[in-house]
Amino acid sequence: MSDRIIEAEAKTLNQAKALIRSQVPEGLFILSEEIVSDVGGFAEAVAETTEQALLEAEKLVPKNGEIRLKETFKPGETELTEEADDEETARIYFQGICGKSKEIISIVRKRKPRKGFWGYGRQSGVFSALVRQKTAAKIYYSVPTKIVAKIGHNIRNSFEQIELGHAKMHDIPISVVCENCHSICLALPKPIGSNEIPVMTPEVAFRAARFCPHCRIIICGRCSGISVGLLGSYVIKDERPCVYCQHDTELAAIPHILKTSARLPNQLDETLNKSRNNY
Ligand SMILES: [Zn+2]
Ligand SMILES: [Zn+2]
């Protein structure tokens, strides 16, 4: 089967990531994902009164936009100053700042530009604009985050296959990269039994890899919102939510890694983690 594209849209990035992961069929993996929109914008309107301006601005907010902040402006005058080589450049700059709700009354040159000799002693001019604020409103909004992901078969390279096989054969933990924050965490050789309760120090709990069966991802203890001090200075296994879907995670082991597209650390991951831990 060839690669396929899936899409998801949600209010937050993590919700969108959970939605994407819930759509991946068993046996397939996310090969790459692209965040298409995670920003909003603003809508601006001018009217007779600030109330009218607000109503007009609201009409300009996209249907899927969520309003974050509303601002109104009353008439007034201000002066803006900027360095530029000529008046035309200064005007374009001032117009950009003014948008719909302000208008330029006049522009005055405050300092003459100097060309200099062979580029030495060159100096920009200074221009100032007298600007009139109109009765206006500005509404800031955010739009849902959209993710487009490519899914397909995940072929692990021979290095990873050997590492995983080695850890499994010798029954030793293996380092794996958190799929959310990219820090290196440790996975068990085999899953713990349902009647086993691990007791860990906080440091170990942070480094212990977690597996979310819904999202089929590996995340570190930190990303699963670990809480410290549940048993004096020790942490026992309890419910740790997945950073994306909020369902409980379990302590990760090699068979879990194989269900995910989590990578084993390379030289670059090691260097990044070292510099992170030196904070
Ligand atoms: Zn993490
Ligand atoms: Zn999850």
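Colleague: What's the strand order in the open sheet of three strands, and is the pairing parallel or antiparallel?

Modeller: The order runs E14-E13-E16, and the pairing is antiparallel. Keep in mind that this is a predicted model.

Colleague: Which strands stand at the edges there?

Modeller: Strand E14 (217-219) and strand E16 (250-251) do. Each has a single partner strand, so one side of each is left without a neighbour in the sheet.

Colleague: How many bridges hold E13 and E16 in their pairing?

Modeller: Two bridges, with E13 covering residues 210-212. Within E16, glutamate 250 is the residue opposite phenylalanine 211.

Colleague: Switching to E9. Which of its residues sit on the covered face?

Modeller: Thr145, Ile147, Ala149 and Ile151 are on the covered face, while Lys146, Val148, Lys150 and Gly152 make up the uncovered one.

Colleague: OK, helix H1 now. Which residues are buried in it?

Modeller: H1 spans residues 13-22, and the buried ones are Ala16, Lys17, Ala18, Ile20 and Arg21. Their cover includes strand E1 (4-10), strand E2 (29-37), strand E9 (145-152) and also E14.

Colleague: What about the largest nonpolar core, how many residues does it have?

Modeller: It has 33 residues, and those with the most contacts inside it are Val176, Ala187, Ala209, Ile218, Ile219, Ala252 and Ile257. Helix H4 (158-170), strand E10 (174-177), strand E11 (184-187), E13, E14 and helix H6 (254-257) each supply at least two residues of this core. Apart from that one lies another core, of eight residues, among them Ala136, Ala137, Ile139 and Tyr141.

Colleague: Which residues is alanine 187 in contact with, leaving aside neighbours within four places in sequence?

Modeller: Alanine 187 is in contact with Pro173, Ile174, Val176, Ala209, Ala252, Ala253, Ile254, His256 and Ile257.

Colleague: New topic: is lysine 110 buried or exposed?

Modeller: Lysine 110 is exposed, because 11 other C-beta atoms lie within 10 Å and the limit for exposed is 12 or fewer. Lysine 110 lies in strand E6 (residues 102-111). Leaving aside its neighbours within four places in sequence, its contacts are Val126, Phe127 and Ser128.

Colleague: How far is lysine 110 from histidine 166?

Modeller: Their C-alpha atoms are separated by 73 Å, with the two residues 56 apart along the chain.

Colleague: How is the protein chain divided into domains?

Modeller: There's domain 1 (1-39 + 143-153), domain 2 (48-61 + 69-141) and domain 3 (156-277). The centres of domain 1 and domain 2, over C-alpha atoms, are 41 Å apart.

Colleague: Zooming out, what's the secondary structure of the protein chain?

Modeller: Seven helices and 16 strands. The radius of gyration is 28 Å, well over the 19 Å that the globule rule gives for 279 residues, so the chain is more spread out than a compact globule. Along the principal axes, its C-alpha atoms fill a box of roughly 80 × 55 × 50 Å.

Colleague: And what share of the 279 residues is buried?

Modeller: Buried residues make up 24%.

Conventions: Residues are numbered from 1 along each chain as its sequence is written. Chains are lettered from A and ligands numbered from 1 in the order in which they are written. This is a predicted model: local features need pLDDT of at least 70, side-chain atom pairs count only at pLDDT 80 or more; totals for chains, interfaces and linings use all residues. Two strands pair if DSSP finds at least two bridges between them. Helices (H or I, at least four residues) and strands (E, at least two) are DSSP runs, numbered from the N terminus. A residue is buried if 20 or more other C-beta atoms lie within 10 Å of its own, exposed if 12 or fewer, and partly exposed in between; C-beta atoms are placed from the backbone. Two residues are in contact if their C-beta atoms, placed from the backbone, lie within 7 Å. Domain bounds come from an automatic or database domain assignment. A nonpolar core is a set of buried Ala, Val, Leu, Ile, Met, Phe, Trp, Tyr and Cys residues joined through C-beta atoms within 7 Å. The radius of gyration is taken over C-alpha atoms; the globule rule is 2.2 Å times the number of residues to the power 0.38.
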